[in-house]
Amino acid sequence: MAQLGQSAAAALASSLESVLRSRGSANRVFEILELLQVDEEDVILCAIRTCSRLFGTLLERGELFVGQLPEEETSLAGNYNAEDKYKIWMRHRYNSCVNCLVELMGHESFQVKELSLVTLMKFVELEGKYPLVKAEWKGSFRFPRELLKLVVENLIPCEEDSSLLISRFQEYLEYDDIRYFVMKAVAENIGQVMQKTQKVPLPVYQQNVFSLISSISMPSQESEVINFMVKQANQEEWKVSNLKEHKRAFERMWLGFLKHKLPNGLYKKVLVILHDSILPHLNEPTLMIDFLTVAYDIGGAISLLALNGLFVLIHQHNLEYPDFYKKLYSLLDPSIYHVKYRARFFHLADLFLSSSHLPAYLVAAFIKRLSRLALTAPPQALLMVIPFICNLFRRHPACKVLVHKPGGSEDLSEDPYIMDEEEPSESRALESSLWELQTLQSHYHPDVAQAAAVVNQSLSELEDDVSELLELSAYELFDRELKKKVTSVPLEFEQVRGLFGKKDDLFAEHFALE
C-alpha cells in the first residue's frame, strides 16, 4: 500500500508539472482526475492536493474560460480560436474536478471529506478573486454562488450525520459574504428537500441543517460587517454589506426551517437557543408565534421551553397572548419537580410572576398548586420551592389569606381548592388554606421541616435568593449532610455494664478471688 501511494504521488507530480509547463500535455490532466475515483485513501488525498495546486494555478493565470460555458463538442466545431478552445476544454476539466470533490464530501473517510471541503472553499475564494462569470454591467458584484451552493447541499445530506464536517466548516462562516450566501443556499435547499417529502420529518437531514444554521453567529451592528472573503470594488454599496439584508436572509432561513414539523429532540434544541441566538436577529420576531404555539401544544419540557420565547415576544415586542398565564398554570404537574429543565422552569416562573400587578386569585392559584404538588416532591425540590412560595407572598400580600384567615376556621373539614380546574380564576384557591406547608413541617428531612416552618412567622420584606437553590441536586443535599459538624449531645442515662448488669460484676469478683 505504501509503495502504491509513493508511485501514485510520483505520477501525480509528473502529470502536474507537465500540464502546467506545456499546453501540449494538457491531456495528462485525465491522469490526475482518474485518481480521484480510486479506492485507496492515500491516493485520493494525494490526487485532491494535486487538483488544488493545478486548478488553483490555472485560475490565477486566467487559463479557464470566462462566461457562459459552451458544450465541449460545440466549442470544437464552432468559430473559436485555439486559445479559447483550450480554455473551454480546461474549464470542463475543472468542472469535472469540482463534481468529483463534491462527491468525495460523502466519502467514508473523514480525512477525504475534510480535504475535499477545504479544496472546494479554496476554489470559492479563487473564483471570487478571478471570476469565471462575466460582469453584467460595469461595477457589478460577482460571487461564486453556484459553487458555494454545491458545498452547502453536500454539507446537509438526508441520510448521513455530517455534524463533524459542519464543525470543520464553521471557520468559513466568520466571513460575512460566505455566511450571507450560505443562509440563502440553506433556505433554498430546505424548500426543495421538504417539498419532495410532503412535510414529513427527515430526522437526519433536519439535524444536519440545525447543526449548520445554529453555528451561524450574526453580527449585532452594521459596523461589524467588514470581514469578506471576496473583496468587491464598491464594497460599501454591496447589499451583503447591509446588516438588514443579513437579518432578512437569517429570518427567511430559520422560518423556512421551523415551519416544518421537527423531531421532538430538535424542538428542545431550538427552543433552548431561541431567545438568545435567534429572536434578537430577526427583523420581525413576532413571526415566530406560529412555531412557538405548535411547540407549546406538544407538552412536557417542550411546552415549558416554548413559554420562554412567548414571554420574550410579549414583553419586548408587544405581542398579545391572553392565555399565557393559563398555559403556564397548566404546566404545573408532578413532573416539574423531577424534569431535567426544573431549574429553567422555576427561573422562568419567577420571572413571569414577578409583576406586582397580577391579580391575587391568579397568584394564589399558583401558590396552591405548587404546594399541593410539593407533597410528593423530593427534598432538594422542596428546599427550592418553599422559598419560592414565600417570595410570592412577599410580592402579593393579598395572598397571605391562605396562611392567616381572619375570622375563619383554622380547621377546614374540606379543601375548597379545585386541583383539576384548568382556569386559575375558577380554582377557588383564595378560599382555601395552605395546609400542605403545615404538613411539610413534619417532613422527615429536618431542613425541609425547618423551611416549611417559616410560614408560621411574619415574613421579612426582603425576598429570598432562590437562584442558588434552583440547581440543587440530591447528591449535593446528601453531601451537605455528610459535611455537617456533629456536636456532642448531652444524654442522661445509666451506662449498662455487661449483659446481665450487676450480676456480671459478681461473676467478675468471683473469678478475681480465685
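**Burial, ring pairs and helix packing**

Analyst: In this predicted model, Tyr180 has a relative accessible area of 1% and is therefore buried, the limit for that term being under 20%.

User: What makes Phe181 buried or exposed?

Analyst: Phe181 has a relative accessible area of 8%; buried requires under 20%, so Phe181 counts as buried.

User: Why is the pair of Tyr180 and Phe181 called edge-to-face?

Analyst: The ring centres of Tyr180 and Phe181 lie 5.1 Å apart, with the planes at 80°. Pairing needs centres within 6.5 Å, and edge-to-face needs planes over 60 degrees apart, so the pair is edge-to-face. Both residues also belong to a cluster linked by ring pairs, together with Phe143, Phe228 and Trp238.

User: Why is the aromatic pair of Tyr267 and Phe291 called stacked?

Analyst: The planes of Tyr267 and Phe291 are 15° apart, at 5.8 Å centre to centre; stacked applies under 30 degrees. Because Tyr267 lies in helix α12 and Phe291 in helix α13, this pair ties together parts 24 residues apart in sequence.

User: Why are helices α16 and α18 called roughly parallel?

Analyst: Their axes cross at roughly 5° and come within 12 Å. Angles under 35 degrees count as roughly parallel, which makes α16 roughly parallel to α18. Among the residues in contact are Phe346 and Ala349 of α16, which meet a group in α18 including Met384 and Phe388. The contact comprises six nonpolar, one polar and three charged residues.

User: How do you know that α18 is mostly covered?

Analyst: In α18, 17 of the 17 residues are buried.

Note on methods:
Residues are numbered from 1 along each chain as its sequence is written. This is a predicted model: local features need pLDDT of at least 70, side-chain atom pairs count only at pLDDT 80 or more; totals for chains, interfaces and linings use all residues. Side-chain values use heavy atoms; hydrogens and water are left out. Axes are lines fitted to C-alpha atoms, for helices over the stretch in contact, and angles run from 0 to 180 degrees between N-to-C directions. Helices (H or I, at least four residues) and strands (E, at least two) are DSSP runs, numbered from the N terminus. Angles under 35 degrees count as roughly parallel, over 145 as roughly antiparallel, 65 to 115 as roughly perpendicular and the rest as oblique. Contact means heavy atoms within 4.5 Å. Ala, Val, Leu, Ile, Met, Phe, Trp, Tyr, Cys and Pro count as nonpolar, Asp, Glu, Lys and Arg as charged, and the others, Gly among them, as polar. Buried means under 20% relative accessible area, exposed over 50%, partly exposed in between (1.4 Å probe, protein chains only). Rings of Phe, Tyr and Trp (its six-membered ring) pair if their centres lie within 6.5 Å; planes under 30 degrees apart count as stacked, over 60 as edge-to-face and the rest as tilted.
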